[in-house]
Amino acid sequence: MYNLSTMETTAVTLNLSQDDRLKLSVSQAVCEDVNINVVETLVEYVYTGTITLTEDNVEELLITSDLFQIDWVKKECENFLESIMNSSNCFQIWRLADMTSCKSLRDVAHKYILGHFDDLFESEELLLLRFKEIKELITDDHLSVRSEDNVYKTVLNWVKYDQNNRKVHLVELMSYIRLHLISPPFLRNNVSTEPLLKEDPKYDKLLLDAAFYQLTPVNERKCVPGRVRIKKIPECCNENFHVFLLGGNEPDDCLHRQHNRCKVYDFSRRKLVSIANMNSRRSSNSAIALNGFIYSVGGKGGLEGTLETAERYDPFNKRWNYIASMMNPRKNTAICTHNHSIYAIGGTGSRSVEKYSPALNIWEWSVDVHKYGDQCHAAALADNIYCFVDNSRFCFDPREGRWHKLNDTTDEGYFKLVSCVDALFYIGERECKFLDIRVNRWESMPPISKREGFSAVAHNNIYVLGGTKDNKDETNVERYNIRNNEWTIVDSMEIVPRSGGILVIDGCFNLN
């Protein structure tokens with residue numbers, strides 16, 4: 001008998017049919033092995049038309065109603081089990097649904113296991129699965145995991161649980177693991193040193209192929225065929241982050257004069273709060289966060305023209321202070337962080353690159369990007385820096401100290417570039433798509449609603465805000481749910497960002 005946990009006891013009132021009465025009376029006459037308490041419950045259902053489902057009786061009732069072909073009771077048992085499904089009973093419900101031919105219930109349990117695999121892969125219930133069941137799970141493209149490392153751990157744990165009998169399945173199961181997606185440290189320290197894998201030379205090629213793929217520069221990797229597992233991400237309801245809006249142009253000002261005001265949008269509370277003003281008026285400035293500080297770099301400064309100055313906001317003393325100035329004045333420059341440094345890349349009329357060290361408070365030259373243009377956006381991901389200049393794309397490996405030109409080009413038009421969950425997201429006026437750098441493949445996305453001059457930030461999902469629509473300010477905030485592959489309007493802001501710096505900070509932030 002299965003032991004299922006439940007939230008509460010549920011009473012279900014059923015209308016008993018004449019057909020159910022007949023099936024029950026016949027089955028009682030021919031079956032002697034059923035639980036007497038379950039039979040009494042079904043007899044009560046015969047006379048009262050009411051049945052009470054609890055955690056103690058629902059499984060036996062499902063098995064018995066399936067045996068006696070009492071379909072309405074069977075359906076109510078399925079609904080009850082769906083309502084109480086959790087990480088402690090999902091495997092048991094999956095097996096029970098198989099045994100009683102409840103396809104709908106089995107599909108729900110299967111989907112639950114795939115979606116919560118990171119919480120389940122070390123459970124004893126998973127170790128008790130049969131070979132065909134473990135194979136069904138790890139070969140499913142909808143298996144949702146934070147890392148392919150966990151799929152490898154699942155296979156090894158399952159084999160070692162009954163090594164003498166299960167070792168025969170190891171070669172086949174290993175072939176289903178996307179070894180090229182396993183993290184390099186784990187591949188080096190765990191997979192390559194596993195004694196079970198060293199016993200058979202068949203594994204050598206699998207490991208060599210994975211190592212070769214990971215050592216190949218991203219821009220030179222061949223597209224890996226087949227689908228990629230869904231990357232496990234937090235649910236989108238956890239929107240505990242803050243969007244900083246730094247400077248920009250004055251609203252309703254035909255001269256587009258700059259201002260130095262700063263606002264913070266608390267997304268979890270849907271609240272806009274002012275913080276201290278910057279020391280300089282700036283628009284077309286770039287903003288980034290590093291080590292708990294907020295940086296505003298370059299931009300246009302009215303009569304001062306293009307600025308080389310930069311400043312930093314300290315959230316503890318709530319004050320902006322100038323830091324060392326850049327060597328070149330810059331506006332509309334791409335900015336990102338890598339290895340505790342800030343990179344300012346290109347900008348309007350420039351392709352030079354500077355790197356800022358907060359510890360030393362100095363800027364130094366880095367390697368120039370190959371092109372300059374009107375639009376320049378950058379994002380750091382997996383030890384590389386990606387820079388999109390107009391419709392050209394480049395990748396910089398700081399370890400090599402050189403830029404690589406990526407073959408694919410983007411459509412012309414306004415766009416933003418953000419990174420999230422092992423992917424680069426290109427959000428443009430005309431098209432949206434993302435590059436999964438694990439397999440070096442572009443995937444299409446639904447387009448955003450019609451708007452121009454918008455900003456984009458990433459926090460588990462992608463958020464687009466600001467800009468104009470039909471020459472009017474666009475106040476709606478759109479969210480792209482990576483898991484569901486859809487855009488939805490989630491809020492309306494009190495203020496529209498206009499050509500200022502914008503960045504996102506994760507978690508709690510003291511605004512008092």
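Me: Which residues is T100 in contact with, leaving aside its neighbours within four places in sequence?

Reply: T100 is in contact with L62, I63, D66 and K74, where contact means heavy atoms within 4.5 Å. The model is predicted, so that local features need pLDDT of at least 70 and side-chain atom pairs count only at pLDDT 80 or more, while totals for chains, interfaces and linings use all residues. Residues are numbered from 1 along each chain as its sequence is written, and side-chain values use heavy atoms, with hydrogens and water left out.

Me: Why is T100 called buried?

Reply: The relative accessible area of T100 is 1%. Buried means under 20%, exposed over 50%, and partly exposed in between, with a 1.4 Å probe and protein chains only. T100 therefore counts as buried. T100 lies in the loop between helix 5 and helix 6; helices (H or I, at least four residues) and strands (E, at least two) are DSSP runs numbered from the N terminus.

Me: What makes helix 5 mostly covered?

Reply: Of the 10 residues in helix 5 (residues 90–99), 7 are buried. These are C90, F91, Q92, I93, W94, L96 and A97. The buried residues pack against several helices, including helix 3 (58–68), helix 4 (71–83) and helix 6 (103–115). Helix 5 is followed by S101, with a positive phi near 55 degrees.

Me: How do you know that helix 9 and helix 10 are roughly antiparallel?

Reply: Helix 9 and helix 10 (residues 149–161) pack at about 175 degrees, with their axes 11 Å apart. Axes are lines fitted to C-alpha atoms, for helices over the stretch in contact, and angles run from 0 to 180 degrees between N-to-C directions. Angles under 35 degrees count as roughly parallel, over 145 as roughly antiparallel, 65 to 115 as roughly perpendicular and the rest as oblique. The angle of about 175 degrees therefore places the two helices in the roughly antiparallel class. The contact is made by F131, I134 and I138 of helix 9 and by V151, T154, V155 and W158 of helix 10.

Me: Why is H340 called exposed, and what is A382 called?

Reply: The relative accessibility of H340 is 56%, which is over the limit for exposed. The value for A382 is 47%, so A382 falls in the partly exposed range. H340 lies in the loop between strand 12 (334–338) and strand 13 (341–347), and A382 in the loop between strand 16 (376–381) and strand 17 (384–389). H340 is not a glycine, yet has a positive phi of about 65 degrees; A382, also a residue other than glycine, has phi near 50 degrees.

Me: How many aromatic pairs are there, and why is the pair of F241 and Y463 called tilted?

Reply: Rings of Phe, Tyr and Trp (its six-membered ring) pair if their centres lie within 6.5 Å; planes under 30 degrees apart count as stacked, over 60 as edge-to-face and the rest as tilted. By this rule there are 19 aromatic pairs. F241 and Y463 are 5.1 Å apart centre to centre, with 55 degrees between the planes. That angle lies between the two limits, and the pair is therefore tilted. This pair links distant parts of the chain, with F241 in strand 5 (residues 241–249) and Y463 in strand 25 (residues 461–465), 222 residues apart. Both F241 and Y463 are buried.

Me: What makes the pair of Y265 and F267 edge-to-face?

Reply: The ring centres of Y265 and F267 are 5.6 Å apart and the planes stand at 90 degrees, so the pair is edge-to-face. Y265, at 4% relative accessibility, counts as buried, and F267 does so at 2%. F241, Y265, F267 and Y463 form one aromatic cluster.

Me: How do you know that R312 lies over the face of F293?

Reply: A charge sits over a ring if NZ of Lys or CZ of Arg is within 6 Å of the ring centre and within 35 degrees of the ring normal. R312 lies over the face of F293 at 4.2 Å from the ring centre. K433 lies over the face of Y426, at 6.0 Å from the ring centre.

Me: Why do strand 10 and strand 11 count as paired?

Reply: Two strands pair if DSSP finds at least two bridges between them. Strand 10 (residues 310–314) and strand 11 have 4 bridges in the antiparallel sense, and therefore pair. E311 stands opposite Y322 in strand 11. The open sheet of 4 strands has the order 8-9-10-11, with antiparallel pairing. Strand 8 (286–290) and strand 11 (319–322) are its edge strands, each pairing on one side only.
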